[in-house]
Each structure stands twice: as structure tokens, then as C-alpha cells.
Amino acid sequence: MSDFPKFVEFREEGPREGFQIEKKIYPIEQRIELIDMLSETGLKRIQVGSFVSPKYVPQMADTGELFQRIKRKPGVNYTSLWLNDKGFRKALTAHEVDIDPRLLLYPSEAFAQSNNNCSSAEMREKQRDWVRLYKEEGYTIDAAYVMTAFGCNFEGPIPQSRILDDFRFVLQLCEEEDIPVPILVIADTMGWGNPEAVKRMIGALREMAPDARIGMHIHDTRGLGIANLYAALSMGVDMFESSVAGLGGCPFAGHGHARAAGNVCTEDAVFLCHELGIETGIDLDKLIAAAVKAEEIIGAPLMGRVMHTGGLDKYRKAN
């Protein structure tokens, strides 16, 4: 028995996830054009870039300039990623960044070291400092992410109990600090999930936190992204992070083929929702146009399907 939501929120990560994994640094004018096109699709949240070390992620070194030059559309939030308090401070002082405070937890010790240069336990403790920092700046936590929720290229399978233990830590921290529980985001960072594992994880998390909103950050690394998204939809999940044209991937995840590591494709996911009768507030045709632009910028075929075929409305209208 499915429990589809009536409306699904998609948070677009292509401008950040998509370009951070590419070895080439693409002209800022091209990325601005893509962001401006995405602004016209009905998406309400677009992750423009990240405030991270330019030494390790030079592709994101001009994020501050991006925020100065994009054309903002009323009602759209333009956000960024940071991995430490230094990055958060940069986001605070950059031009009109919409701050969406987050917590980050790593059940994989190896990935914590690779992505954040600290242990899983140290990252946990840092979250206490982040909560206080956010509170000092007047912000409420938007989302809490548990990475590598189904498996890690460095460590192998991750037991569900470890994932739930990190979410339990989030719930306890919220209680200690007397703050609302954020969106609990199950992040399949390296594309290890499958539909049944997704349903088991969501079910277990709902038992632990029945009133919390659950979101998913899905990677389509091994071709199961849409299947996993469908499984989550059937469990009532109504927030997904995705990337136009299937762009993206973490540069520190040890993937064999970087471009295949992308997030679940936004336009494919939106098409699925619309076919299921689920509202998204997104104009699929405009989103497809943005996906085609992304492929033009990259200069190589991207992983999206609907961007190459179009939706079904034109055929339905013709008949």
C-alpha cells in the first residue's frame, strides 16, 4: 500500500554538486546562465555553490562572485554549502546568501576523514558547536544529514543501526538545546541504496521520530536513483535534493567514474511525480531547457533521460 504525498519539494543542487566534481573549471558566465534558467522553472531552492577550501575544491572558489551576479527571482532561495564554521562565516558575509543551517553526520569513519578531515566522533561534537553558532546568529536548523546511509566505497555496507544512532543523536541534541527537530535527511552519498533498503530505513526512522519530516539526498551512481526515489515517495517522503540533468557527485567519495556519480536527475524525478499525480510546482519544459543548457555547458552527454525525450504532454495533446 503506497502513501504518496500530495506535493513534493525539490531542492536543486546541480550548480554546486554538478560543477564541483568536474576537473575543468567552467566559465562563471555559463554557470550564471544555468542558475538564472533554473530560477524560472518553479524551483524554490537552488544551491548556487559552496564556501569550502579553494585548495581542495577550486571549482567553487568563485562562489562569492556567483552570488553577486545571479539574477534573483522573488520567492526563490539561493543557498550554499559549507562544511565548517569558517565556511558558514563566509556564507554570512557573502552577498545575499539565503542561509539554511544544517547538521552533518558521518557514520563512515573513512568518509568523515576524506570529506571533513576529522573523525566521525569529532564531527558529532562539532554539531553541538554548530547548533550554538546558529542560535547566536538567529537561525533555526533547517536539516540534519546522515551521510553514506546505505554504504560507503571506503568502508563497505553501513549497518542501519549506525545510521539510526546518528539520527538519535540529532533528536537528543535538539531536546538538549530546546530547538525544533529539523528535516531528517537520509543521504545515499555514494549510491549504495536499493528500494527495499530505502523503505526499511524510512520505516525505522519514522518509528524513532514519528513527527519529523524526512527528506532524501539520492545519488544515481548505479542506476537506482529513480527507483529509490519512488520507494521513498511510496513511504510519504516529500523532500528530495536533486540535480538538473543528473549532474554532480562528491569529489571525495572514491568513485570510479566521476560523472556517473551524479545526484538523482531533477527533471526525471519531476516527470515521475507528475505522472503519479503528485504536484511539484515546477514547469517541466523549462526544467528540460535548463538540463539541455547544462549538457551544452559540460560538452558531453549527461545522465538525464527526460531531457533527451521530453515529457508526454505534447503526445497527449496531439491525440
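**View 1. Buried residues of helix 5 in a predicted model.** In helix 5 (residues 109–116), F111, A112, N115 and N116 are buried, that is, under 20% relative accessible area with a 1.4 Å probe, protein chains only. These residues lie on the same side of helix 5 because they cover an arc of only 105° around the axis, taken from the directions from the helix axis to the C-beta atoms. Their cover includes helix 6 (120–136) and strand 6 (151–152). Just after helix 5, N117 has a positive phi of about 60°. Helices (H or I, at least four residues) and strands (E, at least two) are DSSP runs, numbered from the N terminus.

**View 2. Crossing of helix 6 and helix 7.** The axes of helix 6 and helix 7 (residues 160–177) come within 11 Å and cross at roughly 35°; axes are lines fitted to C-alpha atoms over the stretch in contact, with angles from 0 to 180 degrees between N-to-C directions. The crossing is right-handed, the near helix being turned clockwise from the far one by less than a right angle. Contact (heavy atoms within 4.5 Å) is made by R124, Q127, R128, V131, R132 and K135 of helix 6 and by D165, D166, F169, L173, E176 and E177 of helix 7.

**View 3. Surroundings of E13.** E13 sits in the loop between strand 1 (9–12) and helix 1 (14–20). E13 counts as buried because its relative accessibility is 2%. Apart from neighbours within four places in sequence, E13 contacts G18, Q47, H217, E241, S242, S243 and N263.

**Notes.** Residues are numbered from 1 along each chain as its sequence is written. In this predicted model, local features need pLDDT of at least 70 and side-chain atom pairs count only at pLDDT 80 or more, while totals for chains, interfaces and linings use all residues, and side-chain values use heavy atoms, with hydrogens and water left out.

Conventions: Buried < 20%, exposed > 50% of the residue type's maximum accessible area, 1.4 Å probe, protein only.
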